Amino acid sequence: MDFSKLRFETRQIHAGLDHSPETGARGVAIYPTAAYRFKSCDYAADLFNLSAPGNIYTRLQNPTTSAYEERIAALYGGVGALGVSSGMSAILVAVTALASEGDNIVVSPYLYGGTYNLFRHTLRRLGIEVRIAPTDAPADFAALISDRTKALFVESMGNPTCVVPDLEGIGRVARDNGVPFIVDNTFGAAGYLCNPFEWGANIVVDSATKWINGHGTAMGGVIVDGGNMDWANGRFPAIAGPSEGYHGLNFHEAFGRAAYIVKCRVDGLRDLGPCPSPFDSYLMLLGLETLSLRVRHEVESARRLAQYLREHPKVSKVSFVGFPDHPGYENAKKYYRFGASAVLNVELKGSLESTVRFVEALRLAAHMTMIGDSVTVVTHPASTTHRQLSEADLKAAGVTPTLLRISLGLEDVEDIIEDFNQAFAYVD
Ligand SMILES: Cc1ncc(COP(=O)(O)O)c(C=O)c1O
């Protein structure tokens, strides 16, 4: 079926469904198998040569995961998707499919802390240089590109700042220089709030742990290939030249527009190994069926909570991208449906100690480091995610002792407001 003709809400349910007449099953089956029996030795050889499609071993592919990948690709309008075991492994596989020792990537300064650590420390240890642009302005990316640049990388909404880069402008810089543009679209909720392919992205990565799963029940990540990159422009011999790991196979010639995502699968999963479990892929499929309903509710709740907090006498600052005073406001209006996400940051008046008392007094909102869950989550960066930072680094990261990050869940937001109200009694 051609899913591109269907709307997002329909695709999130129907894409990837198994319409097999043998069973008539409405749900996608979970295949808890590590390996698959080969019909013959010739068939097995064809599979291993990548000259026939089919299942070899669940580290490479699994029917439940294939259904999930099909649904993700349909939601984004990509030529293919790859399910992996976490958002971090999606980024690792996406980047290392392109860059080797001596190459570089140019990245935004507004990144999730885990991504920053991967780029700043681990990739550097592997010999991949990570050039952090001084700002997220397109010209700052352009200035850092060299002939060894293999990708530009941004988050469509930065975690935790919620700044939204000029996707179209950076996409243009990438295209003009023949470099792929990778967008971490975790906040964009599988394309429902933001679809970076509409703005010049070539590759999307997404932490499926968040809004795709939507219930905080599994870890996962996806890579999506837009099929819109010219890999034969001379910069990517690993994709458009003979591949050592596959007897000289040229991915570009063999797989055309899907060359990159095939390479991610066969290099990334075969060699690095971060495959998802079939059961987790099933949970992702289930989560996706209600994604638009959940996200819409959560964004409205975030707006309502932000308004309540803005008026509260014990709050010194509310940073919500849906408010005109937020630095990401204009770009969020352009790139994000509803002009916002379900996440906001708030600074309380008073001391570190009273903020800790507030967090510990919450009864409904969960004190965790998580976003996109069905429960509302409150994170206190100074005592958790940013605990190891010095006072100077905390300041540079904009993390004050009374800062809280809030990700709205599926509750009735009025109950969350009442929960906050009772907890405010503990703030000086
Ligand atoms: C924007 C972003 N990218 C990537 C990740 C990493 O995803 P995971 O925790 O699934 O490895 C996160 C996690 O919070 C994130 O917020």
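Author: Of the 14 residues around the ligand, those that come nearest are Ser86, Gly87, Met88, Ser207 and Thr209, where a residue is near a molecule or strand if its C-beta atom, placed from the backbone, lies within 6 Å of it. Two elements, helix H4 (87-96) and helix H5 (113-125), each give two or more residues to this shell; helices (H or I, at least four residues) and strands (E, at least two) are DSSP runs, numbered from the N terminus. By kind, the shell around the ligand divides into three nonpolar, nine polar and two charged residues, with Ala, Val, Leu, Ile, Met, Phe, Trp, Tyr, Cys and Pro counted as nonpolar, Asp, Glu, Lys and Arg as charged, and the others, Gly among them, as polar.

Before going further, please keep in mind that this is a predicted model, in which local features need pLDDT of at least 70 and side-chain atom pairs count only at pLDDT 80 or more, while totals for chains, interfaces and linings use all residues. Residues are numbered from 1 along each chain as its sequence is written.

From the shell, helix H5 leads on to the strands, for H5 lies across strand S2 (104-107), S3 and strand S5 (181-184), running at about 140° to S3; contact here asks that the C-beta atoms of two residues, placed from the backbone, lie within 7 Å, and axes are lines fitted to C-alpha atoms, for helices over the stretch in contact, with angles from 0 to 180 degrees between N-to-C directions.

The sheet itself is open, with seven strands in the order S1-S7-S6-S5-S4-S2-S3 and mixed pairing, two strands being paired if DSSP finds at least two bridges between them. Its edge strands, each pairing on one side only, are strand S1 (80-84) and strand S3 (129-132), and from one strand to the next the twist averages 20°.

Ala189 counts as buried because it has 29 C-beta neighbours inside 10 Å, and Ala190 counts as buried with 31; the cut-off for buried is 20 or more other C-beta atoms within 10 Å of a residue's own, placed from the backbone, against 12 or fewer for exposed, with partly exposed in between.
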